[in-house]
Amino acid sequence: MVLYLIGLGLGDEKDITVRGLECVKSCSKLYLEYYTSVLGIDNKKLEEFYGVPITVADRNMVESEAEQIYLAAKDTNIGFLVVGDPLCATTHVDLILRAKALDIKVEVVHNTSVMGAVASCGLPLYQYGYTVSIPFFEENWKPASFYERLKYNLAGGMHTLCLVDIKVKEPDYNSMVTAGRLKFMPPRFMTVNTAVAQILEVEEEKKEGVVSGETMAVGMARLGQPTQQIVYGTLSQLLEVDFGAPLHCLVICGEIHPLEQEILEYYRVGKA
């Protein structure tokens with residue numbers, strides 16, 4: 001029996017690989033990881049297409065109750081479905097380690113992810129440095145650890161992929177105080193605009209000259225989907241662009257080579 005970690009790709013139910021679909025159909029139960037990323041379709045469409053029941057696995061289940069996922073793989077095939085590629089999040093590596101510690105067989109079926117699809121903008125992957133995450137700022141919590149890595153990348157002439165925050169099934173602790181029971185807040189998906197604003201806010205505070213409103217960048221939305229959008233311009237220009245529905249990501253450009261520049265011009269603000 002096997003615990004399969006299966007990448008779904010970035011588009012819809014048909015983006016799964018042939019091998020991935022074969023593994024899915026061999027499973028008695030499927031878990032859909034639903035907090036590091038989301039597909040652009042309703043989960044029911046996945047269930048109908050795969051013909052296997054799907055349980056949505058939120059952050060709490062994967063990080064605190066993972067045993068209910070992998071223990072069943074001792075007796076039957078279990079599929080753990082991940083939008084994009086299964087190994088782009090450290091949480092999923094932890095799941096593998098827990099299963100292997102119990103001698104449960106684990107197989108990974110890879111698929112495309114934002115880490116590769118970001119090259120759609122014309123900036124080759126080997127020119128990227130550290131990938132950073134941009135979390136939603138709160139009134140009294142504004143983590144800025146991404147700034148030092150952005151600084152490091154730009155000093156080396158490297159591009160920086162910025163993965164922007166999503167909040168799915170986040171607990172509303174105020175509801176426990178006012179209503180006496182836990183409720184969940186509506187999903188929130190960070191936009192390119194918010195990410196840019198927060199990066200510039202950190203620069204304004206630190207004043208180290210790492211970025212400015214004139215720094216060149218590429219904003220992207222819904223990579224791998226028919227409505228994919230790519231826009232190249234300064235950070236100030238990207239602040240004014242409507243990127244539409246999620247998911248979004250951002251690339252801060254390092255040194256741009258002539259061939260890269262030629263491709264980027266196709267996505268220049270006003271042309272894209």
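**Close-ups of a predicted model**

**View 1. Helix H9 and what it packs against.** The buried residues of H9 sit against strand E6 (132-134), helix H7 (146-155), strand E7 (160-164), strand E12 (216-221), helix H10 (235-238) and strand E14 (248-252). Packing here is contact, meaning heavy atoms within 4.5 Å, and buried means under 20% relative accessible area, with exposed over 50% and partly exposed in between (1.4 Å probe, protein chains only). Helices (H or I, at least four residues) and strands (E, at least two) are DSSP runs, numbered from the N terminus. This is a predicted model, so local features need pLDDT of at least 70 and side-chain atom pairs count only at pLDDT 80 or more, while totals for chains, interfaces and linings use all residues. Residues are numbered from 1 along each chain as its sequence is written, and side-chain values use heavy atoms, with hydrogens and water left out.

The buried set in H9 is Val-192, Asn-193, Ala-195, Val-196, Gln-198, Ile-199, Val-202 and Glu-203. As background, an α-helix has 3.6 residues a turn, so residues three or four places apart point the same way. H9 (residues 192-206) counts 15 residues and spans 21 Å from first C-alpha to last, close to the expected 21 Å; that expectation is 1.5 Å times one less than the number of residues.

**View 2. The open parallel sheet.** Here five strands line up as E3-E2-E4-E1-E5, with parallel pairing. E3 (54-57) and E5 (105-109) are the edge strands with a single partner each, so one side of each has no neighbour in the sheet. Neighbouring strands are turned by 20° against each other on average, direction ignored. Two strands pair if DSSP finds at least two bridges between them; E1 (residues 2-7) and E5 have five bridges, in the parallel sense. One to pick out: Leu-3 has Val-106 of E5 as its bridge partner.

Helix H2 (residues 43-50) lies across E2 (29-33), E3 and E4 (78-82), and runs at about 145° to E3. For such angles, axes are lines fitted to C-alpha atoms (for helices, over the stretch in contact), and values run from 0 to 180 degrees between N-to-C directions.

**View 3. Salt bridges around Glu-107.** A salt bridge is a side-chain nitrogen of Lys or Arg within 4 Å of a carboxyl oxygen of Asp or Glu, and the model has 11 of them. Glu-107 meets Arg-19 at 3.0 Å, N to O. That pair ties together distant parts of the chain: Glu-107 belongs to strand E5 and Arg-19 to helix H1 (residues 18-25), 88 residues apart. Glu-107 also bridges to Lys-105, at 3.4 Å.

Elsewhere, Glu-265 and Arg-268 form a salt bridge at 2.7 Å. Glu-265 is partly exposed at 23%, as is Arg-268 at 26%. Shared partners join Arg-19, Lys-105 and Glu-107 into one network.

**View 4. His-159 and its surroundings.** His-159 sits in the loop between H7 and E7, and is buried, with a relative accessible area of 0%. Its side chain reaches the backbone nitrogen of Gly-254 at 2.8 Å. Leaving aside neighbours within four places in sequence, the residues in contact with His-159 include Leu-123, Gln-127, Tyr-128, Asn-153, Val-251, Cys-253 and Glu-260.

Notes. A polar contact is a pair of N or O atoms within 3.5 Å; within protein, one must be able to donate a hydrogen and the other to accept it, and residues adjacent in sequence count only if both atoms are side-chain atoms.
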